[in-house]
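I opened the entry to look up how the chains meet. My notes follow in the order in which I checked things.

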There are 2 protein chains.
Amino acid sequence: MDSSELKRAGLKATLPRLKILEFLENSKVRHMSAEDVYKALLESGEEVGLATVYRVLTQFEAAGLVVRHHFEGGQSVFEMEHGEHHDHILCVRCGKVDEFVDETIEERQKKIAKEKGYSMTDHSLYIYGVCGECQKEE
Amino acid sequence: MDSSELKRAGLKATLPRLKILEFLENSKVRHMSAEDVYKALLESGEEVGLATVYRVLTQFEAAGLVVRHHFEGGQSVFEMEHGEHHDHILCVRCGKVDEFVDETIEERQKKIAKEKGYSMTDHSLYIYGVCGECQKEE
DNA sequence: AAGCAAATGAGAAGAGTTCTCATTCTTATT
DNA sequence: AATAAGAATGAGAACTCTTCTCATTTGCTT
């Protein structure tokens, strides 16, 4: 069990936190809601409260271990921080999520912020569409 | 009272709808939550239910009269459709919202969607930062 | 003016998330 | 290794935003 990551983030190495971190790291699915994490842990026999999952994910976010996204549909989606910033393109049919990085867009955003007199802190870009798979099914 | 806009949208010209449309058109503030609209109407002596405001705004959205945004903070924000598509840059301190259009970014997005095999239906780009005013107040 | 379908308002209900607080766990200290 | 002090947890209540339900009202057609 690797508690060093938590310690480094200034968080006590409690069992729920370790379980959640471990789960996030090992899951093949990258983008998960708090509910997803909660259910998955329950199913693998762990005892966690939903409130704890929310709390811990929020702490992970503050610690920079995790990024929170606001995809359409209301609920927050979390993703392990794996270095490079990226944006998302998602399928409105099947919910599939792809990632991309585009330096030109990044540059443009900085430029716009500067022009408008803003000191940019963050940005979010989501492209919505129908993925290749779903286009075939019509 | 101008009911033609509603008729054109295929909506019956009811009083609540007219009031809401009128309010949206005359408000200097461009981006408003359902709650904002509701409160404003109450204050100006109109009798509307919150449920109706939500319903009507959703209908206006479907009719293309209004655009719905999902800024951070959970609630939906509505804006009168005034022709050209644009993106938003918002101040995380005071909540101010500015708009911008960037053809380069638009192009890039289309290109990315195509590369990833998606047929793009929509996109949303929000830049967050601290606006000029708020930077001074530090 | 009358009738019918559509729209409304009030409150209940639902989804997602946060809060409360008694109990349990971590960790620093013996 | 035992202990004490404080932090974290779990369960459910509570909260926010939004949608639904349904009895009543309104708009539109005849």
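**Strand pairing across the interface**

I began with the strands and found S5(A) joined to strand S5 (residues 119-130) of chain B by eleven bridges, the two running antiparallel. I note that this is a predicted model.

**Extent of the contact**

I then listed the contacts: 35 residues of chain A are in contact with 36 residues of chain B. The area buried between the two chains comes to about 3,000 Å², and carbon and sulfur atoms give 60% of that area.

**Polar links**

Next I looked up the charged and polar pairs. The rule finds two salt bridges across the interface of chain A and chain B. One of the pairs I looked up is A:Asp102 with B:Arg108, a salt bridge in which the closest N and O atoms are 2.8 Å apart. For polar contact, the rule finds 18 residue pairs across the interface of chain A and chain B, both residues at pLDDT 80 or more.

Which elements of chain A supply at least two residues each of the side that touches chain B? I get strand S3 (87-91), strand S4 (97-100), helix H5 (103-115), strand S5 (119-130) and helix H6 (132-136). S5(A) gives the largest share of that side, twelve residues. By residue class, the side of chain A that touches chain B divides into 16 nonpolar, eleven polar and eight charged residues.

**Symmetry**

I superposed the copies in the next step. Chain A goes onto chain B by a rotation of 180 degrees with 0.0 Å of shift along its axis, at an RMSD of 0.1 Å. That is the relation of a two-fold axis. Which residue of chain A comes closest to the rotation axis? A:Leu125 does, with its C-alpha at 2.2 Å. I also compared the two contact lists: 100% of the interface residues of chain A are interface residues in chain B as well, so the copies meet through the same surface.

Last, I went back to two of the elements on the touching side of chain A, S3(A) and S4(A). S3(A) and S4(A) pair in the antiparallel sense over four bridges. A:Ile89 has A:Asp98 as its bridge partner in S4(A). The hairpin of S3(A) and S4(A) has five residues between the strands, and in this hairpin A:Gly95 takes a positive phi near 85 degrees.

Technical notes:
Residues are numbered from 1 along each chain as its sequence is written. Chains are lettered from A and ligands numbered from 1 in the order in which they are written. This is a predicted model: local features need pLDDT of at least 70, side-chain atom pairs count only at pLDDT 80 or more; totals for chains, interfaces and linings use all residues. Side-chain values use heavy atoms; hydrogens and water are left out. Contact means heavy atoms within 4.5 Å. Buried area is the accessible area (1.4 Å probe) that two parts lose on being put together, summed over both. A salt bridge is a side-chain nitrogen of Lys or Arg within 4 Å of a carboxyl oxygen of Asp or Glu. A polar contact is a pair of N or O atoms within 3.5 Å; within protein, one must be able to donate a hydrogen and the other to accept it, and residues adjacent in sequence count only if both atoms are side-chain atoms. Ala, Val, Leu, Ile, Met, Phe, Trp, Tyr, Cys and Pro count as nonpolar, Asp, Glu, Lys and Arg as charged, and the others, Gly among them, as polar. Two strands pair if DSSP finds at least two bridges between them. Copies are superposed by least squares on the C-alpha atoms of residues with pLDDT of at least 70 in both.
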